[in-house]
Amino acid sequence: MARGKTGIEWTDKTWNPTTGCTKVSAGCKNCYAEEITKRFKNTFPEGFAFTIHPQRLEQPKSWRTPSRIFVNSMSDLFHEQMPLSYLKQIFEVMEACPHHVFQVLTKRGDRLAEVAHLLPWPDNVWMGVSVETQKYTSRIDALRQVPAKVRFLSCEPLLGPLTLDLTGIHWVITGGESGRRHRPIEEEWVRNIRDQCQAGGVAFFHKQWGGATPKKNGRLLDGRVWDEMPALLASLEDEVVELSAD
Ligand code: SF4
């Protein structure tokens, strides 16, 4: 699969069929998407208001190179203003592109649980929730109800220690906050999450420690890089190779 077009360590491309959002929890405080929107006013004339972009809906179909695609880096797919009909269309596009893996991440566990049964869940759609502090672990319960082949947690920006029930979870990503106003992360929080993943047989990926810039403090934990991926990826990549060979 293609790698490295986004600067996000665990994905290749981004696809934003909507942009804009509203803040829902502590992890939103220094929202990267909002910052980008403010900085590039010409690119985002609608500002940070939730906006659908139907002209982008079909984009993944034109991307022939099999890629891991992060859906809505500039928004939240399960935003309360997302029309259900448009959400269904987004899922239909993902289903029609089995050569890609789509990574969907939300902070809106309630809406996810509410509409999950109305959506198709092909194997190439990975579904994740953000969990930045213990207060938001109920999102994991919502995620567990989703029949996605891969269910993952993004603990970024990690803002406190977490005790996780990893039943039915395949992958956990940790990371610190970056930028001028970044909040501190503690090594022990990350080590503890890694240990919980190892005990539960869950893939663990430590993205970075955060700081003034994302790469400033590197990404080593206990002297090594942790970049495990869900076991399913290997089998999907095999399938993709076969598809590409046609
Ligand atoms: S949910 Fe995500 S995109 Fe929306 S405000 Fe929070 S951090 Fe930003």
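In which loop is the place of D222?

A: D222 sits in the loop between β10 (220-221) and β11 (224-225). Before going on, a word on the ground rules. This is a predicted model, where local features need pLDDT of at least 70 and side-chain atom pairs count only at pLDDT 80 or more, while totals for chains, interfaces and linings use all residues. Residues are numbered from 1 along each chain as its sequence is written, and side-chain values use heavy atoms, with hydrogens and water left out.

Strand and helix names come from DSSP runs numbered from the N terminus: helices are H or I with at least four residues, strands are E with at least two. Back at D222, phi is positive, about 50 degrees, although this residue is not a glycine. As a rule, most residues other than glycine have a negative phi. With 43% relative accessibility, D222 counts as partly exposed. (Buried means under 20% relative accessible area, exposed means over 50%, and partly exposed is in between, using a 1.4 Å probe and protein chains only.)

N72 also has a positive phi without being a glycine, with a value near 65 degrees. N72 is placed in the loop between β4 and α3, and at 2% relative accessibility it counts as buried.

Stay in that loop for a moment, as S75 is found there too. S75 is buried as well, at 13% relative accessibility. Its side chain makes a polar contact of 2.9 Å with the side chain of T18. (A polar contact is a pair of N or O atoms within 3.5 Å; within protein, one must be able to donate a hydrogen and the other to accept it, and residues adjacent in sequence count only if both atoms are side-chain atoms.) Leaving out residues up to four places away in sequence, S75 touches N16, T18, T19, G20, C21 and F50, where contact means heavy atoms within 4.5 Å.

S75 is also one of the residues around the ligand, together with C21, T22, K23, C28, C31, D76, K107 and R108. To be listed there, a residue needs a heavy atom within 4 Å of the molecule. This shell divides into three nonpolar, two polar and four charged residues. Nonpolar here means Ala, Val, Leu, Ile, Met, Phe, Trp, Tyr, Cys and Pro; charged means Asp, Glu, Lys and Arg; the others, Gly among them, are polar.

Now for the sheet. Seven strands form an open sheet in the order β1-β4-β5-β6-β7-β8-β9, with parallel pairing. Strands β1 (13-15) and β9 are at the edges with a single partner strand each, so one side of each has no neighbour in the sheet. On average, neighbouring strands here are turned by 25 degrees against each other, ignoring direction. (Axes are lines fitted to C-alpha atoms, for helices over the stretch in contact, and angles between N-to-C directions run from 0 to 180 degrees.)

Two strands pair if DSSP finds at least two bridges between them. Strands β4 (residues 68-71) and β5 (residues 101-106) run parallel with four bridges, and R68 is opposite V101 of β5. Helix α3 (residues 84-95) packs on the sheet, where it touches β1, β4, β5 and β6 (125-130), and its direction makes about 145 degrees with that of β1. Helix α6 (residues 187-200) packs on the sheet too, touching β8 (171-175) and β9, with an angle of about 160 degrees to β9.

Six of the six residues of β9 are buried, so the strand is largely enclosed by the rest of the structure. One of its residues is Q208, since β9 covers residues 203-208, and this residue has 4% relative accessibility. The side chain of Q208 makes a 2.8 Å polar contact with the side chain of E156, and it reaches the backbone nitrogen of G210 at 2.5 Å. E156 in turn is joined to P157 by a cis peptide bond, with omega about 0 degrees. In general, most peptide bonds are trans. P157 lies in the loop between β7 (150-155) and β8.

Zooming out, the protein chain has seven helices and 11 strands, and 56% of its 246 residues count as buried.
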